[in-house]
Amino acid sequence: MSTYLTAQELGNRIKYHPKYINDVLRDNVFIEGKHYIRPFNARKVLYLWEAIEEQMMTSARENEVDDLIPMASGGVYRG
């Protein structure tokens with residue numbers, strides 16, 4: 001079951017302004033059908049919380065891996 005959120009509700013959860021969500025994130029980060037839908041072919045957009053939360057966690061893990069520097073001894077340095 002998905003949790004459907006308006007831009008305002010999503011903004012309250014992730015601490016972003018709804019205008020930024022609609023103007024920037026929706027066009028550059030979120031994918032229609034995966035992160036948001038337009039129910040009944042309407043102009044209204046509903047964001048899918050579980051997919052967005054997964055995207056945020058994936059991005060955080062990728063950033064964490066990018067900070068690792070391999071060492072000659074076989075270990076890693078966290079930069």
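# Briefing: strands, pairs and contacts

Strands β1 and β3 (residues 46–48) run antiparallel and are joined by two bridges. Strands pair if DSSP finds at least two bridges between them. This is a predicted model, in which local features need pLDDT of at least 70 and side-chain atom pairs count only at pLDDT 80 or more, while totals for chains, interfaces and linings use all residues. Residues are numbered from 1 along each chain as its sequence is written, and side-chain values use heavy atoms, with hydrogens and water left out.

**Overall layout**

- The protein chain has three helices and five strands. Both kinds of element are DSSP runs numbered from the N terminus: helices are H or I with at least four residues, strands are E with at least two.
- Read from the N terminus, the order of elements in the protein chain is β-α-α-β-β-α-β-β.
- The protein chain has 79 residues, of which 24% count as buried. Buried means under 20% relative accessible area, exposed means over 50%, and partly exposed lies in between (1.4 Å probe, protein chains only).
- Of the contacts in the protein chain between residues at least 6 apart in sequence, 35% join residues at least 24 apart. A contact means heavy atoms within 4.5 Å.

**The open sheet**

- An open sheet is formed by three strands in the order β1-β3-β2, with antiparallel pairing. The edges are taken by β1 (4–5) and β2 (36–37); each has a single partner strand, so one side of each has no neighbour in the sheet.
- L5 has Y47 in β3 as its bridge partner.

**Aromatic rings**

- The whole structure contains three aromatic pairs. One of them is Y16 with Y20: the ring centres are 5.4 Å apart and the planes lie at 15°, so this pair is stacked.
- Rings of Phe, Tyr and Trp (its six-membered ring) pair if their centres lie within 6.5 Å; planes under 30 degrees apart count as stacked, over 60 as edge-to-face and the rest as tilted.
- Y16, at 42% relative accessibility, is partly exposed, and Y20, at 37%, is also partly exposed.
- Y36 and Y47 make a tilted aromatic pair, with 5.9 Å from centre to centre and 50° between the planes. Y36 belongs to strand β2 and Y47 to strand β3, so the pair ties together parts that are eleven residues apart in sequence.
- Both Y36 and Y47 are buried.
- F30, Y36 and Y47 are linked into a cluster by ring pairs.
- The ring of W49 has the charged end of R13 over it, at 4.9 Å from the ring centre. A charge sits over a ring if NZ of Lys or CZ of Arg is within 6 Å of the ring centre and within 35 degrees of the ring normal.

**Salt bridges**

- There are two salt bridges in the structure. A salt bridge is a side-chain nitrogen of Lys or Arg within 4 Å of a carboxyl oxygen of Asp or Glu.
- D23 is partly exposed at 40% relative accessibility, whereas K19 is exposed at 53%.
- Another salt bridge joins the side chains of R38 and E32, at 3.4 Å from N to O.
- R38 has 31% relative accessibility and counts as partly exposed; E32, with 45%, counts as partly exposed too.

**Surroundings of H35**

- H35 is placed in the loop between α2 and β2. With a relative accessibility of 1%, H35 is buried.
- Apart from neighbours within four places in sequence, H35 contacts V29, F30, L46, Y47, L48, A51, I52 and Q55.

**E9 in helix α1**

- E9 lies in helix α1 (residues 7–14). Its relative accessibility of 37% makes E9 partly exposed.
- A polar atom of the E9 side chain lies 2.9 Å from the backbone nitrogen of T6.
- Between E9 and Y47 there are 9.2 Å in space, C-alpha to C-alpha, and the two are 38 residues apart in sequence.

Definitions and conventions: Polar contact = N/O pair within 3.5 Å; in protein donor to acceptor, adjacent residues only side chain to side chain.
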